[in-house]
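Please read the numbered points with the sequence and the model in view.

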Amino acid sequence: TGTNMSDLFEEDTEVVTYSSLAECIEKANYLMAHPDKAAEIARKGQQRTLTQHSAQKRYERVHQIIEQALKKA
């Protein structure tokens, strides 16, 4: 998985992460056996994405960074 997923999402609540093939297989098997849990994680991840990781939110953050840089110049 990506190295900064925990900066963006709550691990195993909003996104499923793994650090090895064995862990990936273990988590995949668990989620296939517990589809309600998989759906809950998907729903929470989607909600986080829609509220905090939209293009609009990224534009706002870039704008803030540019404004701060210009104030220092």
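Which side chain meets that of Glu-23 in a salt bridge? The side chain of Lys-27 does, at 3.4 Å from N to O; point 4 returns to this pair.

1. Basis of the note. This is a predicted model, in which local features need pLDDT of at least 70 and side-chain atom pairs count only at pLDDT 80 or more, while totals for chains, interfaces and linings use all residues. Residues are numbered from 1 along each chain as its sequence is written, and side-chain values use heavy atoms, with hydrogens and water left out.

2. Fold and dimensions. The protein chain has four helices and zero strands, in the order α-α-α-α along the sequence. Helices (H or I, at least four residues) and strands (E, at least two) are DSSP runs, numbered from the N terminus. The radius of gyration, taken over C-alpha atoms, is 17 Å, whereas a compact globule of 73 residues would have a value near 11 Å; the globule rule is 2.2 Å times the number of residues to the power 0.38. The C-alpha atoms fill a box of roughly 55 × 25 × 15 Å along the principal axes.

3. Burial. Of the 73 residues, 11% count as buried. Buried means under 20% relative accessible area, exposed over 50%, and partly exposed in between (1.4 Å probe, protein chains only).

4. A salt-bridge network. A salt bridge is a side-chain nitrogen of Lys or Arg within 4 Å of a carboxyl oxygen of Asp or Glu, and the count comes to four. Asp-12, Glu-23 and Lys-27 are linked in a network of such bridges. Lys-27 and Glu-23 both lie in helix α2, four residues apart, about one turn of the helix. The side chain of Lys-27 also meets that of Asp-12, at 3.0 Å from N to O. This second pair links distant parts of the chain, since Asp-12 is in the loop between α1 (5-8) and α2 (21-33), 15 residues from Lys-27 in helix α2. Lys-27 is buried, at 19% relative accessible area, whereas Asp-12 is partly exposed at 33% and Glu-23 is partly exposed at 24%.

5. A pair in helix α3. Glu-40 forms a salt bridge with Lys-44, the closest N and O atoms being 3.1 Å apart. Because Glu-40 and Lys-44 are four residues apart in helix α3 (residues 35-52), about one helical turn separates them. Glu-40 is partly exposed, with a relative accessible area of 28%, and Lys-44 is partly exposed at 27%.
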